[in-house]
Amino acid sequence: MSAISLFFFRTKLWLKSPTPYLTLLGLTLLILLWWLTTEVWQLPRFEKLPGPVSVFKEWVSKDPSYGISIYMPEYYGHIWRSVLRVLQAFGLATVLGVTLGLFMGWNKIFKDYTFPVMEILRPIPMLAWVPLAILMWPEREMAIIYLTFLASFFATTLNTLLGVESIDESYFRAARCLGAKERHIFFRVVIPGAMPFIFTGLQISMGVAWFSLVAGEMLAGEYGLGYLIWNSFILVQYPVIVIAMVTLGVIGWASSAIIRFVGTLLMKWQTRESS
Amino acid sequence: MNEHHNPAGSGSKMQGGQMQISAISKYFGIGPLRKQIINDCTFTLESGKLTVLIGPSGCGKTTLINLLAGYETPDSGTITVDGSPIKGPGKDRLVVFQETALFPWMTTLQNVVYGPMVRGEKDKKELEDEAMHLLHKVGLAEFRDKYPLQLSGGMQRRCELVRALINRPKIMMMDEPFRGLDAMTRELMQEYYVRLFEENHLTNLFITSELEEAIFLADRLIILTNRPASARTVIEIDLPRPRDFKILVTKEYLHYKQNALEILHEEAMKAFSVGSGAAVADFLEAYSEVKAK
């Protein structure tokens, strides 16, 4: 069966199952509840919150009252700045974290040096780093990327290390027995063997990257979605807060989906039946 | 190995592969926890013969194979192959384990050629031809591009057999390789295995806790004592080759089985008196099969 017809077949099956309808129903219920509490019943403490109708109107307006909508280049400017920061921080964290994690798992002595340092630095909440980050880096931009990088880096390193340690001893035995040199073992056993854990780590890393980014931008940013949220709060432009929040949700979900997709492509060996 | 692909000078056909195990002992643990697993164990794997080791569950069979493979070193005694002592694991002695050790991230073919490839032997084309030839023999040719998780248990074992064979080891060691397969697959695997052995006549060591399998496969059957393990009895199994399952109903076969059962019974009882229920369960299962016949 060709890939395209298989795709259509799967989509058809999916549409026949209750899953898509339940998903839709769940989302509808959430928006309904939001609408009722804020715009219909106007419950105490809720009446100030922006309701779904006002948010949606603002979002698709060609002439938005607060300057942010899908027609305004500023909106995409903020998104772009945030995405760029996350990409830089996540990329750096992945390259350094995976390398460090692989070597820590591979070399016991190296691990003994580095692991305790990691374990003390790792639990420090990212927000606690904010003042030092601002002092450390000459520019705000660098400080924000640094903060975003930190949490990602620890998540990736730790998961890569666990990945190497999770590889069954029998694979090393088999490889050595068959005459593999250390370099073959590293590239053909350690790296592919740790891959499932690495990708779990990358998903977590992407999640915490967005988390840290928004916190960093709120405190030190001049652009970006986090900055937009905080600034709109100060300027009492409440619908914009929700627009930025939903945008973050969608982008965060999409970035995880991309990582999952790349992971499945790279690890076809994990699927039991082949298509 | 197979004549078709045996380049002159590799000399792997009828070639030594005699392994001598002399008075080896092995302990695990330290201080008051120190336990003897193997005690003064001596036997020979004769060149070109299929030797089966059988013993009660938990008697130290796997430790023994780890020693022979070179993953562990004995506390005393010597192990030699064709006169020279072994130094660590080597491609002259390959082990097929109880649990599959195929690399799950490589296809059947990639797994099979892994050994010669990392040692930089031959070119890719030549290797793949040889691998395909062997895979064909065990009925895996059309599964060359599947990953291990996409193969059945029996296929995985066959793939592993081929992965070992392509390295032309002097000695093949099988550590309960068919354990955990269903009865039908197991019989099929025994047939494949016996056919491969009868073709290549490599020195083979096969470890099992199933008596029927042991006698069906063996040229020589070594019965181990309960822990600490040592070789208790050697029975030369003089059944005709090539073998098939018809021999399981011959008088000679039943005679060997009866004989071996009596010795196993004694060892099982010893195990029972020191508290290993599993060994007795194994024995009783084997025993009930004999009575049923």
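**Figure 1. B:N204, a buried residue of strand β8.** With a relative accessibility of 3%, B:N204 counts as buried, because buried residues are those under 20% relative accessible area. B:N204 belongs to strand β8 of chain B, which covers residues 203-208. The structure shown here and in the other views is a predicted model. The side chain of B:N204 is in polar contact with the side chain of B:Y193, at 2.6 Å. Apart from neighbours within four places in sequence, the contacts of B:N204 are B:K49, B:L50, B:T51, B:M172, B:Y193 and B:F197. B:M173 is 31 residues away from B:N204 along the chain, and the C-alpha atoms of the two are 5.9 Å apart.

Figure 2. Strand β9 of chain B spans residues 220-224 and contains B:L224. Is B:L224 buried or exposed? Its relative accessibility is 0%, so B:L224 counts as buried.

Figure 3. The bond that joins B:R241 to B:P242 is a cis peptide bond, and its omega is near -5 degrees. Most peptide bonds are trans. B:P242 sits in a loop of chain B, with strand β10 (231-236) on one side and helix α7 (251-273) on the other.

**Figure 4. B:D82, a residue with positive phi in chain B.** B:D82 is not a glycine, yet its phi is positive, near 50 degrees. Most residues other than glycine have a negative phi. The loop that holds B:D82 lies between strands β4 (76-81) and β5 (84-85) of chain B. The relative accessible area of B:D82 is 38%, so B:D82 is partly exposed; this class lies between the 20% limit for buried and the 50% limit for exposed.

**Figure 5. A:Q42, a residue with positive phi in chain A.** Phi of A:Q42 is about 45 degrees, a positive value in a residue that is not a glycine. A:Q42 is part of the loop between helices α2 (19-40) and α3 (52-59) of chain A. How does A:Q42 count in terms of accessibility, and what is the value? A:Q42 is partly exposed, because its relative accessibility is 48%.

**Figure 6. The interface of chain B and chain A.** On the side of chain B, 26 residues are in contact with 23 residues of chain A. The two chains bury about 2,200 Å² between them, with 64% of this area given by carbon and sulfur atoms. Four residue pairs, both members at pLDDT 80 or more, are in polar contact between chain B and chain A. Two elements of chain B, β6 (93-96) and α2 (108-118), each give two or more residues to the side that touches chain A. Helix α2(B) supplies the largest share of that side, four residues. Sorted by class, the side of chain B that touches chain A consists of 15 nonpolar, five polar and six charged residues. How many salt bridges does the rule find across the interface of chain B and chain A? The number is zero.

**Figure 7. Chain A, the helical chain.** Chain A contains 11 helices and zero strands. Its C-alpha atoms fill a box of roughly 70 × 60 × 35 Å along the principal axes. Of its 275 residues, 41% are buried. Among the contacts of chain A with a separation of 6 or more, 64% are between residues 24 or more positions apart.

**Figure 8. Chain B, with helices and strands.** Eight helices and 10 strands are found in chain B. Chain B has 293 residues, and 55% of them count as buried. Of the contacts in chain B between residues at least 6 apart in sequence, 69% link residues at least 24 apart. Chain B exposes about 12,600 Å², with 54% supplied by carbon and sulfur atoms.

Key. Residues numbered from 1 in each chain as written. Chains lettered and ligands numbered in written order. Heavy atoms only, no water. Contact = heavy atoms within 4.5 Å. Buried area = accessible area lost by both parts, 1.4 Å probe. Salt bridge = Lys/Arg side-chain N within 4 Å of Asp/Glu carboxyl O. Polar contact = N/O pair within 3.5 Å; in protein donor to acceptor, adjacent residues only side chain to side chain. Nonpolar A, V, L, I, M, F, W, Y, C, P; charged D, E, K, R; others polar. Buried < 20%, exposed > 50% of the residue type's maximum accessible area, 1.4 Å probe, protein only. Areas by Shrake-Rupley, 256 points an atom, 1.4 Å probe, with all protein chains shown as cover.
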